[in-house]
Amino acid sequence: MKSLHFLYLIIAFSFISCANLPSKDIPQTFAQNDSQGLIIGAFAIKNEKPIFNGYGLYHTSTDFSEKISVANRLWFVPEQMVKMKLKPDFFDGDKGVYYFAFKKDPGNYTFNILNMFENGGMYSRNSHLEFDIPFKAEKGKITYVGEIYLD
């Protein structure tokens with residue numbers, strides 16, 4: 001019976017610790033008559049052993065009518081099964097690249113915070129970087145914001 005509980009624990013741990021790819025949420029179609037705009041870009045991390053267990057890239061409206069929240073976060077998680085390692089959409093030289101896409105109502109927005117979460121078992125901590133990368137969402141249009149690179 002104990003071995004069955006151990007097996008369930010291993011299976012649960014496997015599902016919980018899998019890498020999260022934001023590219024799985026990229027829509028396969030987008031219509032010009034859509035009421036929202038589609039924002040597309042890439043987040044790249046230097047390809048070495050990840051320091052952090054999760055990277056949260058936040059965006060808000062430039063007039064601050066939209067607040068920083070989980071709903072406005074892209075979440076990138078390295079693989080953490082046996083040891084932490086990047087599991088991106090692809091590798092480009094010395095960096096792991098994650099694609100992302102999301103829909104936004106028409107307006108002006110900015111990527112403004114990168115939150116980095118570290119969990120060492122007995123401790124956890126959050127760090128963040130503040131910056132300003134503006135972009136504009138237009139009704140029925142696709143906006144490419146480029147690559148955001150963390151070295």
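**First stop: threonine 60**

Select threonine 60 and asparagine 112, whose side chains are joined by a polar contact of 2.8 Å. A polar contact is a pair of N or O atoms within 3.5 Å; within protein, one must be able to donate a hydrogen and the other to accept it, and residues adjacent in sequence count only if both atoms are side-chain atoms. The model is predicted: local features need pLDDT of at least 70 and side-chain atom pairs count only at pLDDT 80 or more, while totals for chains, interfaces and linings use all residues. Residues are numbered from 1 along each chain as its sequence is written, and side-chain values use heavy atoms, with hydrogens and water left out.

Threonine 60 lies in strand β2 (residues 54–61). Helices (H or I, at least four residues) and strands (E, at least two) are DSSP runs, numbered from the N terminus. Is threonine 60 buried or exposed? Its relative accessibility is 1%, so threonine 60 counts as buried. The term buried means under 20% relative accessible area, exposed means over 50%, and partly exposed lies in between (1.4 Å probe, protein chains only).

Next, display the surroundings of threonine 60. Neighbours within four places in sequence aside, threonine 60 is in contact with Glu66, Lys67, Ile68, Tyr109, Thr110 and Asn112; contact means heavy atoms within 4.5 Å.

**Second stop: the sheet that contains β2**

Select β3, β2, β6 and β7, which form an open sheet in that order with antiparallel pairing. Two strands pair if DSSP finds at least two bridges between them. The edges are taken by β3 and β7 (124–137); each has a single partner strand, so one side of each is left without a neighbour in the sheet. On average, neighbouring strands here are turned by 20 degrees against each other, direction ignored. Such angles run from 0 to 180 degrees between N-to-C directions, and the axes are lines fitted to C-alpha atoms, for helices over the stretch in contact.

Within this sheet, highlight β2 and strand β6 (residues 107–119), which pair in the antiparallel sense over 8 bridges. Which residue in β6 is the bridge partner of tyrosine 55? The partner is methionine 116.

Move to the loop between β2 and β3 (73–76), where phenylalanine 64 has its place. Although phenylalanine 64 is not a glycine, its phi is positive, at about 65 degrees. This residue is exposed, with a relative accessible area of 55%.

Strand β1 (residues 37–46) and strand β5 (residues 95–104) run antiparallel and are joined by 10 bridges. Within the pair, isoleucine 45 stands opposite glycine 96 in β5.

How many salt bridges does the structure hold? There are 8, a salt bridge being a side-chain nitrogen of Lys or Arg within 4 Å of a carboxyl oxygen of Asp or Glu.

Select aspartate 34 and lysine 103, whose closest N and O atoms are 2.8 Å apart in their salt bridge. These residues belong to distant parts of the chain, 69 residues apart: aspartate 34 is in the loop between α1 (2–16) and β1, and lysine 103 is in strand β5. Aspartate 34 is buried at 16% relative accessible area, whereas lysine 103 is partly exposed at 36%.

Then select glutamate 118 and arginine 125, which meet in a salt bridge of 2.7 Å, N to O. Glutamate 118 is buried at 10% relative accessibility, and arginine 125 is partly exposed at 45%. A further selection is Glu79, Lys85 and Lys87, which are linked in a network of salt bridges.

**Last stop: the whole protein**

Finally, display the entire protein, which has 1 helix and 8 strands. Of its 151 residues, 38% are buried. Among contacts between residues at least 6 apart in sequence, 71% join residues at least 24 apart.
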